[in-house]
Amino acid sequence: MKIKRPAVAGTLESSDCQVAVEEGEGIIELSLRSVVINQYGDQIKRVVYETLGNLGVKDVKITIVDKGALDCTIKARVEGAVYRSVGQNENLPWGGAIRP
């Protein structure tokens, strides 16, 4: 999947995260800010890269501001931002269709 335009999903509320995506420069460029980065930074990155891989996204600038979101929330926010960026608003294959 190719990012077509900038998009955002999520909030800056506690236990959530805000994910912004935009067209990249040939690689996945991840910027992560998190209130729990020392404890869970590696796991957050793992979830982001896995989700992008499942969606077939290889070229993106992705910025995440995490406020303690669970893995499932991070995954949903990444999916939401990517789908918004390509203009897919209906018939979204949440969950099962993009699992490995």
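Tutor: Thr51 touches Lys75, Val78 and Glu79 when residues up to four places away in sequence are not counted; contact here means heavy atoms within 4.5 Å. The model is predicted, so local features need pLDDT of at least 70 and side-chain atom pairs count only at pLDDT 80 or more, whereas totals for chains, interfaces and linings use all residues. Residues are numbered from 1 along each chain as its sequence is written, and side-chain values use heavy atoms, with hydrogens and water left out.

Thr51 belongs to helix H1. Helices (H or I, at least four residues) and strands (E, at least two) are DSSP runs numbered from the N terminus. With a relative accessibility of 2%, Thr51 counts as buried; that term means under 20% relative accessible area, with exposed over 50% and partly exposed in between (1.4 Å probe, protein chains only).

Ile44 also lies in H1, and its 4% relative accessibility makes it buried. Beyond its neighbours within four places in sequence, Ile44 is in contact with Leu32, Ser34, Asp66 and Ile74. Ile44 and Ile64 are 20 residues apart in sequence, and their C-alpha atoms lie 9.6 Å apart in space.

The helix may next be placed among the strands. Strand S3 (residues 28-34), H1 (residues 37-55) and S4 form a left-handed β-α-β unit. A crossover is right-handed if, with the strands pointing away from the viewer, the path from the first strand over the helix to the second runs clockwise.

S3 and S4 run parallel, joined by 7 bridges; two strands pair if DSSP finds at least two bridges between them. Glu29 has Lys61 as its bridge partner in S4. Strand S2 (residues 17-23) pairs with S4 in the antiparallel sense, over 7 bridges, and here Gln18 is partnered by Val65 of S4. S4 itself (residues 60-66) is largely enclosed by the rest of the structure, because 5 of its 7 residues are buried.

The largest nonpolar core has 22 residues, of which Val21 and Ile62 touch the most other members. Such a core is a set of buried Ala, Val, Leu, Ile, Met, Phe, Trp, Tyr and Cys residues joined through side-chain atoms within 4.5 Å. Two or more residues of this core come from each of strand S1 (7-10), S2, H1, S4 and helix H2 (71-85). Leaving aside neighbours within four places in sequence, the contacts of Val21 include Val60, Lys61, Ile62, Ala81 and Val82.
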